[in-house]
Amino acid sequence: MIEVAGLKKRFKLTKDHKIDKQQSIDPRQEADYFHSVRDVSFHCDKGEVLGLLGPNGAGKTTTLRMLSTALLPDQGMIQVNGVDVVKDPLLARKKIGFLSGSTGLYGRLTAKENIEYFGKLHGMNKKVLKIRAEELYEMLDMNSFVHKRAEHLSTGMKQKTNIARAVIHSPEVVVLDEPTTGLDIMATQTVIKFIQDLKSQGTPVIFSTHHLDEIDLLCERVSVINEGISCFNGTLAQFRETGNSQILNEAFLNILQEKSNV
Amino acid sequence: MFEVFKKEIKELLRDKKTLLFVVALPVLIFPILFALMGYLMSQATIEAEQKIHVYAITGSEYAPEFSEKIMFHKNFQLSDTKYKTVDEMKDAVKSGDLDVGILIHNNARTTLSEGIQSDWTVVFNDSSALNFIYKRVNDALNSFSEILQAEKFEQLGVTKEQSIALLNPIKLEKIDTADKRENLGEKLGAIIPYLLIPLVLAGASYPAIDLGAGEKERGTLETLLLTPVTRTELVLGKFFTVLVSSLATACITVVSMGFWASVAGRFFDAQIITEVMGAIGVVDLSLILLMLVPLAGIFSSLVLAISIYARTFKEAQNYMGPLSMVAFMPLLVAMMPNMELTMNTAMIPITNVALAIKELIKGTVDYSMVGMIFAATLVLAGVLMSFCVHWFKKESVLFR
């Protein structure tokens with residue numbers, strides 16, 4: 001399970017940012033710092049899928065980056081299956097699989113080499129790596145193109161390779177940052193099927209998205225972040241109830257509206 | 001760390017663009033360019049040597065021996081038109097009808113007997129770098145002057161030996177303690193680091209851009225950071241890749257220069273070069289390469305740090321330009337004539353390595369100084385490398 005509580009992160013503003021400071025009305029800007037994430041908490045249990053929602057620039061990516069150990073939080077607690085991510089990032093990384101929509105591959109390496117490289121970096125030995133890789137090729141139907149260079153692959157093939165790369169080390173939890181953004185319907189379907197598979201295996205998944213139909217399809221729980229603060233945490237049913245609408249888009253807008261009115 | 005290194009090298013070897021810069025440039029393109037340059041230069045020299053100058057002479061009756069000599073000179077051809085004044089000759093030279101005009105105003109024999117100089121004027125265009133006109137006219141004039149001098153001395157009853165002593169009272173014999181290697185090393189030794197050091201930099205910067213900014217642009221950096229490999233190991237893996245590429249460029253260049261020099265040696269009479277090359281020897285040659293190792297370390301750290309900072313390929317390339325300017329300045333200092341390796345110049349990074357290489361080629365090196373420079377450069381490389389490692393851990397650099 002994943003537990004996140006009271007997460008905070010601020011970034012120092014550079015000169016470029018300061019120039020357009022006057023025009024900015026974002027309440028998170030303060031003196032030399034931009035408080036990107038101010039107070040974010042959520043949790044996700046075994047076998048659950050948590051959907052992270054929020055407008056652009058709300059702090060979703062920053063939150064997920066802290067969760068995946070790329071960024072160090074200024075304050076707050078993150079635990080993955082009992083491991084303190086902030087204190088022991090190296091151990092936590094072995095337990096987390098991360099994939100974002102903007103993730104790329106090494107173009108001059110084949111799909112297989114890309115996947116194996118990350119397997120080796122995760123300290124897997126040759127035998128285990130080979131078995132695990134073949135299992136993934138089979139599962140994601142990749143055998144026809146694993147020996148092609150990544151630069152010659154189609155978007156869908158690339159996304160499959162990326163998925164395989166993210167879970168090569170059999171992570172205990174999976175974090176996805178807008179995994180379907182910019183993908184066509186076929187590739188999106190691959191991602192959705194992948195999340196469903198993880199769910200059936202009991203692996204907790206956290207993913208951020210702007211597509212509410214995906215939330216409806218996959219998630220047990222929903223967390224909404226607005227201007228760096230968690231403003232909703234609960235099940236899908238509670239989300240509809242709090243948002244006062246059966247239509248998720250409306251419910252989402254109502255929740256945001258309500259918060260800004262308070 | 002080794003996995004990172006192995007993968008980076010594999011990827012690098014599959015990149016045609018980098019291979020072009022690291023291998024093809026020093027092995028093929030440079031020698032071809034140099035050969036072409038040499039060919040054009042020699043062609044220009046031969047052409048200038050063989051050129052026939054159209055000349056006009058006024059007052060030839062005042063100096064018959066001189067005009068005869070010019071007339072029978074294979075490079076001079078008498079113009080059909082006659083010119084009276086300097087201005088007429090000037091116009092003719094400008095319009096291209098004439099290459100050189102000679103005006104003899106008075107009889108040299110008469111003026112000499114009167115104890116004064118005879119006035120002559122020579123009109124030609126002296127703008128070309130390779131010009132033999134003045135030298136050829138002057139040669140003919142000197143031999144005529146010698147005839148006049150000999151006649152005069154004979155009149156005065158001076159013997160031949162006496163006349164030589166009179167004209168040149170002191171005979172100076174020059175004994176040069178610098179051997180061939182030192183002489184040539186002074187010239188060649190300035191050029192070789194000038195070729196090698198920028199190549200070390202270029203060999204580092206092409207892969208470095210790919211390894212730092214390239215990872216950011218392709219979106220692979222973030223996933224790399226999420227592997228249970230410490231950032232120190234990641235950056236060191238990258239650093240050694242850049243270092244190897246940089247040194248490989250230098251080694252390939254040295255080997256290819258040696259190869260082409262030996263090829264050239266068979267076709268042309270380049271005995272001095274072969275001799276000097278032979279005199280440098282294995283020890284000095286390996287010392288030259290050894291000096292390049294910490295220097296490559298400095299460059300690798302710098303370009304990698306820049307590349308990690310940059311968001312995109314383009315941004316990284318923009319930073320590389322000024323960096324190569326910075327690297328060239330100390331090289332220019334080392335290129336200045338009479339620049340020697342002293343305690344002061346040994347303190348300037350890059351300059352000291354360039355000067356040490358020059359001294360090694362000249363064979364006049366103080367080995368303890370080389371050791372000191374090596375150590376100092378190594379320390380600087382170490383400092384920059386640890387800076388690079390520190391740099392790679394900063395969130396404000398990685399996630400700009």
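This is a predicted model: local features need pLDDT of at least 70, side-chain atom pairs count only at pLDDT 80 or more; totals for chains, interfaces and linings use all residues.
**Overall form**

Chain A comes to 10 helices and 11 strands. Its radius of gyration is 19 Å, which agrees with the value near 18 Å that a compact globule of 262 residues would have. Along the principal axes, the C-alpha atoms of chain A fill a box of roughly 55 × 45 × 35 Å.

Chain B has 16 helices and 4 strands. For its 400 residues the globule rule gives 21 Å, but the radius of gyration of chain B is 32 Å, so chain B is more spread out than a compact globule. The box filled by the C-alpha atoms of chain B is roughly 100 × 50 × 40 Å, again along the principal axes.

The domain assignment divides chain B into two parts. Domain 1 takes in residues 2-31 together with 182-398, and domain 2 takes in 53-167. Their centres, over C-alpha atoms, are separated by 57 Å.

**The interface between the chains**

Chain B brings 19 residues into contact with 24 residues of chain A. On the side of chain B that touches chain A, three helices each supply at least two residues: α1 (2-13), α10 (221-225) and α16 (395-398). By class, that side of chain B holds 8 charged, 6 polar and 5 nonpolar residues.

**Helix packing**

Two packed helices are described by the angle between their axes and the distance between the axes.

| Helix pair | Angle between axes | Distance between axes |
|---|---|---|
| α8(B) and α13(B) | roughly 165 degrees | within 11 Å |
| α2(B) and α8(B) | about 160 degrees | 8 Å |
| α4(A) and α6(A) | about 20 degrees | 8 Å |

*α8(B) with α13(B).* Helix α8 of chain B spans residues 180-211, and helix α13 of chain B spans residues 313-335. Their axes cross at roughly 165 degrees. That makes α8(B) roughly antiparallel to α13(B). The crossing is right-handed. From α8(B), the contact uses A190(B), P193(B), Y194(B), I197(B), L201(B), S205(B) and I209(B). From α13(B) come F313(B), A316(B), Q317(B), M320(B), S324(B), A327(B), L331(B), A334(B) and M335(B). This contact has 13 nonpolar residues, 3 polar and no charged.

*α2(B) with α8(B).* Helix α8(B) also packs with α2(B), which covers residues 16-50 of chain B. The angle is about 160 degrees. α2(B) and α8(B) are therefore roughly antiparallel to each other. Here the crossing is left-handed. The α2(B) side of the contact consists of T18(B), F21(B), V22(B) and P26(B). They meet L199(B), A202(B), G203(B), Y206(B) and P207(B) of α8(B). The classes are 7 nonpolar, 2 polar and no charged.

*α4(A) with α6(A).* In chain A, helix α4 covers residues 111-121 and helix α6 covers residues 155-167. They pack at about 20 degrees. α4(A) and α6(A) are therefore roughly parallel to each other. α4(A) passes α6(A) in a right-handed crossing. A111(A), N114(A), I115(A) and F118(A) form the α4(A) side of this contact. The α6(A) side is formed by T161(A), A164(A) and R165(A). Of these residues, 4 are nonpolar, 2 polar and 1 charged.

Conventions: Residues are numbered from 1 along each chain as its sequence is written. Chains are lettered from A and ligands numbered from 1 in the order in which they are written. Two residues are in contact if their C-beta atoms, placed from the backbone, lie within 7 Å. Ala, Val, Leu, Ile, Met, Phe, Trp, Tyr, Cys and Pro count as nonpolar, Asp, Glu, Lys and Arg as charged, and the others, Gly among them, as polar. Axes are lines fitted to C-alpha atoms, for helices over the stretch in contact, and angles run from 0 to 180 degrees between N-to-C directions. Angles under 35 degrees count as roughly parallel, over 145 as roughly antiparallel, 65 to 115 as roughly perpendicular and the rest as oblique. A crossing is left-handed if the near helix is turned anticlockwise from the far one by less than a right angle, and right-handed if clockwise. Domain bounds come from an automatic or database domain assignment. The radius of gyration is taken over C-alpha atoms; the globule rule is 2.2 Å times the number of residues to the power 0.38.
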